[in-house]
Amino acid sequence: MDSISATRLASLVGDVARERPPLYTALAGRIRLLVGDGRLAVGVRLPAERDLAAAIGLSRATVTSAYGRLREDGWAAARQGSGTWTRLPAGPDPGAWMPGPVPAGVIDMAHAAPPAPPEVTAAFTAALADLPRFLPGHGYHPQGLPDLRARIADRYSLRGLPTTPEQVLVTAGALHAVTVALEVVCRRGDRVLVEHPSYPNVLDAISARGARRIPVAVNAADPDAVAADLHRAARQTGAKAAYVQVDFQNPTGMLLDEAQRSRLAVGLQQTDCIAVVDETLAELWLEQPTPTPFAAVARPDRVVTVGTMSKSFWGGLRTGWLRAEPDVIRRFMAVTARMQLSLPVLEQLASCHLLDAIDAVLPSHRARLREQRDHLATALRSQVPEWGVHVPSGGLVLWCQLPTDLSSSSLAAAGDAGGLRLAAGPRFGTGHAFDDRLRLPYTHPASVLEIAVARLAEIAADRRPRMEVADELVV
């Protein structure tokens, strides 16, 4: 059984002593959050109570009570002589990173997933009418339906990147596409540059591949520095690949302009580093259209582009794709064939109809997001004026700066009880950074966001430390 040292766990849970009492509840909540969002694996032996108490500066009785609370709630188990280890409670996991059911009355502010527009229903209705012409065949299309690949290629060409259907491979969403790309472009032990912070599931996918993540700091207010820093990191580390989001980076909202994209492309090419560019949010500009795709300014054999329909339309529509040179696409197909022979035909037909209507659907979608973004930012500035709120020009989230005496891990641990599902800032990093940050999506209607911010302000007020309160003894 794997174990975690007291020093390591103490660094992950943070300064629990600054929480309001009872501190054993706060400690249990932070450990539960670590297990739930994947930063602490299931089945890991926790440190001895005495060792953890010394490492975090609390009493042993407090740690003993925290472990007891974890066992009662199903987040830990223990056996005489074997210690205490992490586990998941029976039933749906209320703390997992992946979207899932939330308790009644709880608002999910951890995941950025817009509801489906009405055009999705119409697209599936039309797809059902199209389906009979495909039924006489075997139904397998390993590279994706030709009609769908043609539409994806046309969309790239319209955005300034000439593309043919042979350069497109349809995947089961963007994460599937990134996972396939990683398997081809890097091997176990290779270094992969990642923006820091970045999208948690891709960070996990890189680790699962056995590659080494090399974090490069991202500041949405200084994208020039990001391009330079990625080039420097590639040169210094010999990184094989770089996972980047140049359009409304998740979670910071950073956008690279044409010149910055070009400098980044040249810099990575000089070090023979392959760019895996995630364009998940490229169509969700809220102020002015995004620049031409990154691949338009990069050497064709040094860039792989990832796209998806999940954010532009609906997360339940698992249609993504990879765009690369035809010989690279064939290598990707060899990987996907080991996972699944083909994607469902009906979903691909529906995707065809949605892409045909994209210029009619996206304006209203963008208008809703723009209104919700502005409403969330205004509500935060009113309810928690001490927070730093940067308003991005597109995407789906705000990346908020918390006051120095407030922890996002603390907020997330208390969230469900306060009627909010929150994602702690460190989940978006490769180490222990960003506990002073909180990502908030504006994918809910304005009325829901208003309630969410009111609840968040209450939780934040309750989490502010009482510095005069010492550690309590729990018997």
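I number residues from 1 along each chain as its sequence is written, and side-chain values use heavy atoms, with hydrogens and water left out. Because the model is predicted, local features need pLDDT of at least 70 and side-chain atom pairs pLDDT 80 or more, while totals for chains, interfaces and linings use all residues.

**Helix α1.** I took helices as DSSP runs of H or I with at least four residues and strands as runs of E with at least two, numbered from the N terminus. In α1 (residues 6-13) I find A6, L9, A10, L12 and V13 buried, where buried means under 20% relative accessible area with a 1.4 Å probe, protein chains only. Down the axis of α1 these residues fall within an arc of 160°, so they line one face of the helix; the arc is taken from the directions from the helix axis to the C-beta atoms. Their cover includes α2 (23-36) and α3 (49-56), with contact meaning heavy atoms within 4.5 Å. After α1 comes G14, with a positive phi near 80°.

**Aromatic rings.** I paired rings of Phe, Tyr and Trp (its six-membered ring) with centres within 6.5 Å, calling planes under 30 degrees apart stacked, over 60 edge-to-face and the rest tilted. This gives two aromatic pairs. W399 and F428 are edge-to-face, at 5.6 Å centre to centre and 70° between the planes. W399 lies in strand β11 (residues 397-401) and F428 in the loop between β12 (420-421) and β13 (437-441), so the pair ties together parts 29 residues apart in sequence. The rings of W399 and F434 have centres 5.9 Å apart and planes at 65°, so this pair is edge-to-face. I note W399 as buried at 7%, F428 at 0% and F434 at 16% relative accessibility.

Conventions. Buried means under 20% relative accessible area, exposed over 50%, partly exposed in between (1.4 Å probe, protein chains only).
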